Amino acid sequence: MSIACFVDNDAILKLVACDLFWDAIEVLGITQSDLRVLASAKYVFKGKKVSGRYTEKIRNAAMAVAEQCKQIEAELSEELKSIKIDGLDPGELILLSATKSEPAFYLVTGDKRCMVALANELGLTKTRERLTGKVVCIEQLILKLIPTQGFENVLAKILPALEYDKALKACFGSGMQSTEENVVLALQGYVAHLQQHASGLLAEL
(Lines give C-alpha, C1' and ligand atoms only; values in the text may rest on other atoms or scores of the structure.)
Protein backbone atom coordinates (compact mmCIF):
# COMPACT_ATOMS: atom_id res chain seq x y z
CA MET A 1 0.00 0.00 0.00
CA SER A 2 1.36 3.42 -0.94
CA ILE A 3 1.86 6.08 1.71
CA ALA A 4 0.69 9.62 1.04
CA CYS A 5 3.10 12.33 2.08
CA PHE A 6 1.78 15.78 2.95
CA VAL A 7 4.52 18.43 2.90
CA ASP A 8 4.03 21.91 4.32
CA ASN A 9 5.45 25.06 2.77
CA ASP A 10 8.18 25.48 5.39
CA ALA A 11 9.53 21.98 4.76
CA ILE A 12 9.57 22.53 1.00
CA LEU A 13 11.48 25.80 1.31
CA LYS A 14 14.01 24.53 3.84
CA LEU A 15 14.72 21.25 2.05
CA VAL A 16 14.97 23.02 -1.32
CA ALA A 17 17.36 25.56 0.24
CA CYS A 18 19.57 22.61 1.22
CA ASP A 19 19.15 21.03 -2.22
CA LEU A 20 17.86 17.91 -0.46
CA PHE A 21 14.12 17.86 -1.17
CA TRP A 22 13.96 14.90 -3.54
CA ASP A 23 16.65 13.01 -1.63
CA ALA A 24 14.66 13.43 1.58
CA ILE A 25 11.47 12.20 -0.07
CA GLU A 26 13.29 9.20 -1.48
CA VAL A 27 14.73 8.24 1.89
CA LEU A 28 11.16 8.10 3.23
CA GLY A 29 10.27 5.59 0.54
CA ILE A 30 7.81 8.04 -1.03
CA THR A 31 7.23 8.43 -4.76
CA GLN A 32 6.40 11.71 -6.47
CA SER A 33 2.83 10.60 -7.14
CA ASP A 34 2.25 10.22 -3.39
CA LEU A 35 3.26 13.80 -2.55
CA ARG A 36 0.57 16.26 -1.44
CA VAL A 37 1.09 20.01 -1.13
CA LEU A 38 -1.19 22.99 -0.72
CA ALA A 39 -2.66 24.31 -3.97
CA SER A 40 -1.73 27.77 -2.72
CA ALA A 41 1.94 26.87 -2.15
CA LYS A 42 3.29 28.20 -5.42
CA TYR A 43 1.53 31.50 -4.83
CA VAL A 44 2.83 31.73 -1.28
CA PHE A 45 6.36 31.24 -2.60
CA LYS A 46 5.88 34.32 -4.77
CA GLY A 47 4.62 36.43 -1.88
CA LYS A 48 6.41 39.20 -0.01
CA LYS A 49 6.86 37.21 3.20
CA VAL A 50 8.82 34.46 1.46
CA SER A 51 10.62 36.71 -1.02
CA GLY A 52 11.93 38.76 1.87
CA ARG A 53 13.66 35.74 3.35
CA TYR A 54 14.55 33.33 0.55
CA THR A 55 16.52 33.96 -2.63
CA GLU A 56 14.83 33.95 -6.02
CA LYS A 57 16.64 30.72 -6.91
CA ILE A 58 15.24 28.93 -3.86
CA ARG A 59 11.74 30.31 -4.41
CA ASN A 60 11.73 29.23 -8.05
CA ALA A 61 12.95 25.76 -7.11
CA ALA A 62 10.23 25.51 -4.43
CA MET A 63 7.58 26.52 -6.97
CA ALA A 64 8.88 23.85 -9.36
CA VAL A 65 8.55 21.25 -6.60
CA ALA A 66 5.00 22.32 -5.79
CA GLU A 67 3.99 22.06 -9.44
CA GLN A 68 5.18 18.44 -9.56
CA CYS A 69 3.07 17.36 -6.58
CA LYS A 70 -0.62 16.68 -6.21
CA GLN A 71 -2.18 19.92 -5.00
CA ILE A 72 -4.91 19.85 -2.39
CA GLU A 73 -7.68 22.25 -1.53
CA ALA A 74 -9.32 20.29 1.25
CA GLU A 75 -12.21 21.62 3.27
CA LEU A 76 -11.56 21.93 6.97
CA SER A 77 -12.74 19.04 9.14
CA GLU A 78 -15.45 19.74 11.70
CA GLU A 79 -12.87 19.76 14.48
CA LEU A 80 -10.80 22.44 12.73
CA LYS A 81 -13.51 24.60 11.11
CA SER A 82 -13.95 27.21 13.80
CA ILE A 83 -10.69 26.84 15.67
CA LYS A 84 -7.95 29.45 15.75
CA ILE A 85 -4.68 28.47 17.38
CA ASP A 86 -1.49 30.45 17.69
CA GLY A 87 1.08 28.43 15.78
CA LEU A 88 -1.33 26.94 13.24
CA ASP A 89 -1.95 28.99 10.11
CA PRO A 90 -4.85 28.39 7.65
CA GLY A 91 -2.66 26.41 5.25
CA GLU A 92 -1.51 24.06 7.99
CA LEU A 93 -5.11 23.51 9.05
CA ILE A 94 -5.97 22.48 5.49
CA LEU A 95 -3.09 19.99 5.43
CA LEU A 96 -4.18 18.55 8.77
CA SER A 97 -7.74 18.17 7.50
CA ALA A 98 -6.62 16.51 4.27
CA THR A 99 -4.85 13.71 6.16
CA LYS A 100 -8.29 12.44 7.16
CA SER A 101 -8.83 11.00 3.68
CA GLU A 102 -5.66 8.88 3.69
CA PRO A 103 -5.37 5.52 5.49
CA ALA A 104 -1.56 5.75 5.58
CA PHE A 105 0.44 8.96 5.47
CA TYR A 106 3.30 11.10 6.69
CA LEU A 107 3.12 14.82 7.39
CA VAL A 108 6.50 16.46 6.76
CA THR A 109 6.78 19.84 8.43
CA GLY A 110 9.43 22.47 8.87
CA ASP A 111 7.31 24.35 11.41
CA LYS A 112 8.04 23.31 14.99
CA ARG A 113 5.43 25.72 16.36
CA CYS A 114 2.80 23.79 14.43
CA MET A 115 3.76 20.51 16.10
CA VAL A 116 3.82 21.97 19.60
CA ALA A 117 0.49 23.77 19.06
CA LEU A 118 -1.11 20.59 17.74
CA ALA A 119 0.22 18.57 20.66
CA ASN A 120 -1.06 20.95 23.33
CA GLU A 121 -4.43 22.18 22.05
CA LEU A 122 -7.19 20.48 24.04
CA GLY A 123 -9.72 20.89 21.24
CA LEU A 124 -7.78 18.82 18.73
CA THR A 125 -8.05 15.36 20.25
CA LYS A 126 -9.19 13.53 17.10
CA THR A 127 -6.70 15.27 14.84
CA ARG A 128 -3.87 14.63 17.29
CA GLU A 129 -4.76 10.93 17.55
CA ARG A 130 -4.76 10.60 13.76
CA LEU A 131 -1.34 12.24 13.46
CA THR A 132 0.37 10.47 16.34
CA GLY A 133 3.49 8.76 15.03
CA LYS A 134 3.03 10.21 11.54
CA VAL A 135 4.71 13.63 11.68
CA VAL A 136 8.24 13.96 10.30
CA CYS A 137 10.56 16.90 10.99
CA ILE A 138 13.48 18.00 8.83
CA GLU A 139 16.08 16.92 11.39
CA GLN A 140 14.80 13.33 11.19
CA LEU A 141 15.25 13.40 7.43
CA ILE A 142 18.81 14.70 7.74
CA LEU A 143 19.59 11.86 10.14
CA LYS A 144 18.32 9.38 7.54
CA LEU A 145 20.28 11.03 4.74
CA ILE A 146 23.68 11.03 6.46
CA PRO A 147 24.25 7.24 6.22
CA THR A 148 22.78 6.98 2.70
CA GLN A 149 24.48 9.99 1.09
CA GLY A 150 27.55 10.29 3.27
CA PHE A 151 28.18 12.93 5.90
CA GLU A 152 30.49 15.08 3.77
CA ASN A 153 27.94 15.34 0.95
CA VAL A 154 25.14 16.28 3.35
CA LEU A 155 27.38 18.78 5.12
CA ALA A 156 28.33 20.48 1.86
CA LYS A 157 24.66 20.95 0.95
CA ILE A 158 23.47 22.14 4.34
CA LEU A 159 26.19 24.66 5.20
CA PRO A 160 25.11 27.26 2.58
CA ALA A 161 21.52 27.08 3.90
CA LEU A 162 22.05 27.30 7.67
CA GLU A 163 20.38 30.70 7.89
CA TYR A 164 17.03 29.14 7.04
CA ASP A 165 16.70 26.79 10.02
CA LYS A 166 17.75 27.48 13.60
CA ALA A 167 18.04 23.83 14.60
CA LEU A 168 20.26 22.94 11.66
CA LYS A 169 22.36 26.03 12.35
CA ALA A 170 22.90 24.82 15.90
CA CYS A 171 23.66 21.22 14.87
CA PHE A 172 26.06 22.20 12.07
CA GLY A 173 27.37 25.30 13.82
CA SER A 174 31.03 24.30 13.54
CA GLY A 175 30.84 24.66 9.77
CA MET A 176 33.41 22.66 7.82
CA GLN A 177 34.90 21.56 11.14
CA SER A 178 31.67 19.78 12.05
CA THR A 179 32.16 16.07 12.70
CA GLU A 180 29.66 13.36 11.88
CA GLU A 181 29.59 12.13 15.47
CA ASN A 182 28.84 15.56 16.94
CA VAL A 183 26.24 16.43 14.30
CA VAL A 184 24.40 13.12 14.68
CA LEU A 185 24.34 13.47 18.47
CA ALA A 186 23.04 17.02 18.17
CA LEU A 187 20.33 16.02 15.67
CA GLN A 188 19.27 13.05 17.80
CA GLY A 189 19.08 15.27 20.86
CA TYR A 190 16.99 17.80 19.04
CA VAL A 191 14.58 15.16 17.72
CA ALA A 192 14.24 13.65 21.21
CA HIS A 193 13.51 17.08 22.68
CA LEU A 194 10.93 17.79 20.00
CA GLN A 195 9.31 14.39 20.46
CA GLN A 196 8.91 15.11 24.15
CA HIS A 197 7.23 18.47 23.52
CA ALA A 198 5.17 17.14 20.61
CA SER A 199 3.57 14.42 22.75
CA GLY A 200 4.43 11.46 20.53
CA LEU A 201 3.47 13.02 17.19
CA LEU A 202 6.84 12.33 15.56
CA ALA A 203 7.19 9.19 13.46
CA GLU A 204 9.73 6.52 14.33
CA LEU A 205 11.98 6.47 11.27
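In helix α11, which spans residues 151-158, the residues F151, V154, L155 and I158 are buried. Here buried means under 20% relative accessible area, exposed means over 50%, and partly exposed lies in between, with a 1.4 Å probe and protein chains only. Seen down the axis of α11, the buried residues fall within an arc of 100°, so they line one face of the helix. That arc is taken from the directions that run from the helix axis to the C-beta atoms. An α-helix has 3.6 residues a turn, so residues three or four places apart point the same way. Helices (H or I, at least four residues) and strands (E, at least two) are DSSP runs, numbered from the N terminus.

This is a predicted model, in which local features need pLDDT of at least 70 and side-chain atom pairs count only at pLDDT 80 or more, while totals for chains, interfaces and linings use all residues. Residues are numbered from 1 along each chain as its sequence is written, and side-chain values use heavy atoms, with hydrogens and water left out.

What do the buried residues of α11 pack against? They pack against α10 (138-149) and α13 (180-197), where contact means heavy atoms within 4.5 Å. The helices α10 and α13 also pack with each other, at an angle of about 145° and with their axes 9 Å apart. Axes are lines fitted to C-alpha atoms, for helices over the stretch in contact, and angles run from 0 to 180 degrees between N-to-C directions. From α10, the contact is made by E139, Q140, I142, L143 and I146, and from α13 by E180, V183, V184, L187, Q188, Y190 and V191. By class, this contact has eight nonpolar, two polar and two charged residues. Ala, Val, Leu, Ile, Met, Phe, Trp, Tyr, Cys and Pro count as nonpolar, Asp, Glu, Lys and Arg as charged, and the others, Gly among them, as polar.

Helix α13 has another partner in α8 (residues 112-120): the two pack at an angle of about 35°, with their axes 9 Å apart. Here K112, M115, V116, A119 and N120 of α8 meet Y190, L194 and H197 of α13. Five of these contact residues are nonpolar, two are polar and one is charged.

The next topic is the core. In soluble globular proteins, nonpolar side chains tend to be buried together. The largest nonpolar core in this model has 73 residues, and those with the most contacts inside it are C5, V7, I12, F21, I142 and F172. Such a core is a set of buried Ala, Val, Leu, Ile, Met, Phe, Trp, Tyr and Cys residues joined through side-chain atoms within 4.5 Å. Helix α1 (residues 9-17) gives the most to this core, with six residues. Not counting residues up to four places away in sequence, C5 touches I25, L28, I30, D34, L35, R36, Y106 and V108.

Is T99 buried or exposed? With a relative accessible area of 0%, T99 is buried, although its place is in the loop between α7 (90-98) and β4 (105-109). Leaving aside neighbours within four places in sequence, T99 is in contact with F6, F105, R130 and L131. A98, in helix α7, is buried as well, at 6%.

Two residues remain. D19, in the loop between α1 and α2 (21-27), has a positive phi of about 55° although it is not a glycine, and D19 is exposed at 52% relative accessibility. S199, in the segment after α13, also has a positive phi, near 55°, without being a glycine. At 44% relative accessibility, S199 counts as partly exposed.
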